[in-house]
Amino acid sequence: MQSNRIGYAFISPWLAGFCIFTIFPFVASIYLSFCRYDIISPPVWVGFANYDELFRNDPRFWKALWNTIYYALAAVPLGIVTAFALALFLNLEVRGMSVYRTVFFLPSIVPAVASTMIFMWILNPQIGLINSLLRKVGIEGPAWLNDSHWAMHSLILMSLWGVGGAVITYLAGLKDIPVSLYEAAVVDGAGPWARTRHVTIPMMTPVIFFNLIMGIIGAFQTFTQAFIMTNGGPEDSTLFYALYLFYRAWRYLDMGYASAMAWVLFLLVTVVTALVFRTHRKWVHYGG
Amino acid sequence: MADRRYTALRRAAIVLLNLLLVGTFILIFALPSPAQRAYPKRIPVRFWHMWSGEWKDVVDRIVQRFNDSQEKYEVVALSVPGGSADYKFLLSVAGGDPPDCMAQWNQVIPAWADEQMLVPLDSLMTPQEWQDFQATAYPVALKIGCYKGRLYGVTTGINIWACYYRPDHLRAAGLDPDKFPTDLDELWEWGQQLTRTDESGAITRMGFLPGWYSQYLPVFGGSLYDAQSGQVTINTPANLRALAWLAGKQKELGYEKVVRFQSMLNTGGFATQWPFISGQYSIALEGQWRVEQLAKFAPDLEYRTAPIPPPKGGKAHAGWSNGNFMIIPKGARQTQGAWEFIKFWSGVDKPERAAEFYTWGGWLPLSSKIAQAPVYQDYLRKYPQFQTFLDVLPSENIEVSPPVPFQVFLADMTGRADDFAMRGTKTPQQALEDLEREVAQEIAKRKRFGL
């Protein structure tokens, strides 16, 4: 009992912060989503008006939602495949491998704003690295972030910059696969591809599942790149859900509306995550 | 024995840690505020602004002058990062502890005044002072500072845009710098003659790039706001004419060519990086602050200025304007002290004294009284290019963003419509029709929400 109290005393600063800055706003936002609220004046109850407005009268809401889903559908699988493939390469027994692992991990610890600024230069239509290289082989690259057909794809490609963190989890998973499984597979005459297909991938499904869930949640919250690089443009092509929510809240002081948007997003992410969870019995194999 | 020693050590460690924790808290709260007070016995007036770098130095000098002139108040200035200044201000008002005054340049007056967040500054004047203010302030200063007939912001610097041009480029192209175009289409023709491309067709020098829609609306006689009815006006013939002209010229240049040209310019935001200095623009539409910057960073550059020429049937000395203005939030502890500072800086009470401050920042004054002050006249003699802006300043044809509570939304949507039309994704007519519908939806939504 005594030791419990001491334990609670030690975590009390965090507990207080968590309650005040996370739990309270979380609960308050449910109420605010049914209000007209602009920070300055007290909230005024409007019932389901914010939700009604969102679903029936706001085409930009649907545009932002579609953009975000499109991004999630493209960036999450691409991130998983790339990170997994990289992890397979970085798992090879080659001299100096720790250096390669460090090199691939490093970009993921560069602050998002810094890497975003770098990509603005890399994707510059005239003097950027990518278009300069393309020009050398006779191709005039697109205007990337300034072209509504390419801006979203630029951000999807850019998302690969941060796969280092996922690579580490895949590497840890790969190290955890019992060698006996590979030995048995070799005895059965399995080649490298068969071993990957029938041993490595099934044994890695828990890690893939974890990264899939985290990737989906992260993709639905995409904000920084679009905020800094494109401001949602050109022509709303990179207007992400979180960015539109932010504009509604802080540019137009429409906190009630933004709260409603936040709850729609929360429910959507919950439903998608639950659906993915429901499928996991069919394809995730736990070694134990 | 060992157990007892371990327990004693553990207790000592816990006591020490607790003492350290309590000590840290005491130290944090007991430390003096980082903002040093030069006159601790005076009443502090907390002033927020968003300037940094060379501009912050100018603001600090003005604050210093005010404090030197005072015995009662001390202005304590705080430079707030521009990107988050509005949020900080809103939260400070909501939290009941706002600054006493703030220098702003964002489009905040209609929305904030509508929320009853700002002190009407005319309430701090006598009826005679308010009358004098309205009679002497430039029309654009009143447009920037007023909302529904009340004054919420006093300008300390107005921005006017005009053409900067390089006579060396003009001469080389066989154009006479002394006969700058007085018609917008003629200016466009000049721009075409001045533009240079490389062998691949990429633009290497832009003769003249018109700019953004809001700036040209008044030039074509259009406007997004009807002051008589207090209504937003979007899809009007004059507004359409302006957008169609801009979209047409953009098409002639080639949208992608312009994007590629602009993307290779060194536009890091520093005064020295302005492409006009490096000769990548021959004629550029820019604000009056460039005069001061060119004097500082490119003193040997030969350049001249001229008002934006109107098209046939358009308006002379027209354009869009904004400015720096001072506001006092409701809940400010030192409203009177803040008002004294605003009067001091803006020149509401002593125009001759304030004239000097305007010259420090290369700012356009609040009233003609300030412009006529000897020190301001000296400034004009020193920088004759500045005269163009002062000539345009009294014009009734200078427009500001519509004074409606959803001004930021309107500005965002207008910029979006402009972008659609420039890219050619929508025809100018379609872009304006869509904009009109979007704004009508927002107005209807506000009505449904009782706003």
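**A close look at H19(B)**

Mentor: Let's begin with H19(B), which has 17 residues and runs 24 Å from its first C-alpha to its last, close to the 24 Å expected at 1.5 Å a residue. Keep in mind that this is a predicted model.

How much of this helix is covered? H19(B) is mostly covered, with twelve of its 17 residues buried. Among the buried ones are B:Val408, B:Phe409, B:Leu410, B:Phe420 and B:Met422. Charged names turn up in that buried set too: B:Arg416, B:Asp418 and B:Arg423. Just past the end of H19(B), B:Gly424 takes a positive phi of about 85°.

Now for the chain contact. Chain B puts 22 residues in contact with 22 residues of chain A. On the chain B side, helix H3 (85-94), helix H11 (255-263), helix H19 (407-423) and helix H20 (428-448) each supply at least two residues. H19(B) gives the most to that side, with five residues. By class, the side of chain B that touches chain A has twelve nonpolar, three polar and seven charged residues.

What sits across from it? Chain A has 13 helices and two strands, and its C-alpha atoms fill a box of roughly 70 × 70 × 35 Å along the principal axes. Of the 288 residues in chain A, 30% are buried. If you look at contacts in chain A with a separation of 6 or more, 68% of them join residues 24 or more positions apart.

Step back to chain B as a whole. Chain B is divided into domain 1 (43-160 + 321-399) and domain 2 (161-319 + 406-448), and the C-alpha centres of these two domains lie 27 Å apart. Their contact takes 19 residues from domain 1 of chain B and 23 residues from domain 2 of chain B. On the domain 1 side, helix H4 (109-114), helix H18 (387-392) and strand S16 (398-399) of chain B each supply at least two residues. H18(B) gives the most to that side, with four residues. The residues on the domain 1 side divide into nine nonpolar, eight polar and two charged.

Then there's the core. The largest nonpolar core has 178 residues, and those with the most contacts inside it are B:Cys101 and B:Phe341. Helix H3 (residues 59-90) of chain A gives the most to this core, with twelve residues. Both domain 1 and domain 2 of chain B give residues to this core, so it lies between them. In general, nonpolar side chains tend to be buried together in soluble globular proteins.

Zoom in on B:Cys101 for a moment. Leaving out residues up to four places away in sequence, B:Cys101 touches B:Phe47, B:Met326, B:Ile327, B:Ile328, B:Ala332, B:Ala338, B:Phe341 and B:Ile342.

One last stop is a strand pair in chain B. S6(B) and strand S15 (residues 322-327) of chain B pair in the antiparallel sense over five bridges. Within that pairing, B:Thr155 stands opposite B:Phe325 in S15(B). Six of the six residues of strand S6 (residues 154-159) of chain B are buried, so this strand is largely enclosed by the rest of the structure.

Conventions:
Residues are numbered from 1 along each chain as its sequence is written. Chains are lettered from A and ligands numbered from 1 in the order in which they are written. This is a predicted model: local features need pLDDT of at least 70, side-chain atom pairs count only at pLDDT 80 or more; totals for chains, interfaces and linings use all residues. Two residues are in contact if their C-beta atoms, placed from the backbone, lie within 7 Å. A nonpolar core is a set of buried Ala, Val, Leu, Ile, Met, Phe, Trp, Tyr and Cys residues joined through C-beta atoms within 7 Å. A residue is buried if 20 or more other C-beta atoms lie within 10 Å of its own, exposed if 12 or fewer, and partly exposed in between; C-beta atoms are placed from the backbone. Domain bounds come from an automatic or database domain assignment. Two strands pair if DSSP finds at least two bridges between them. The expected span of a helix is 1.5 Å times one less than its number of residues.
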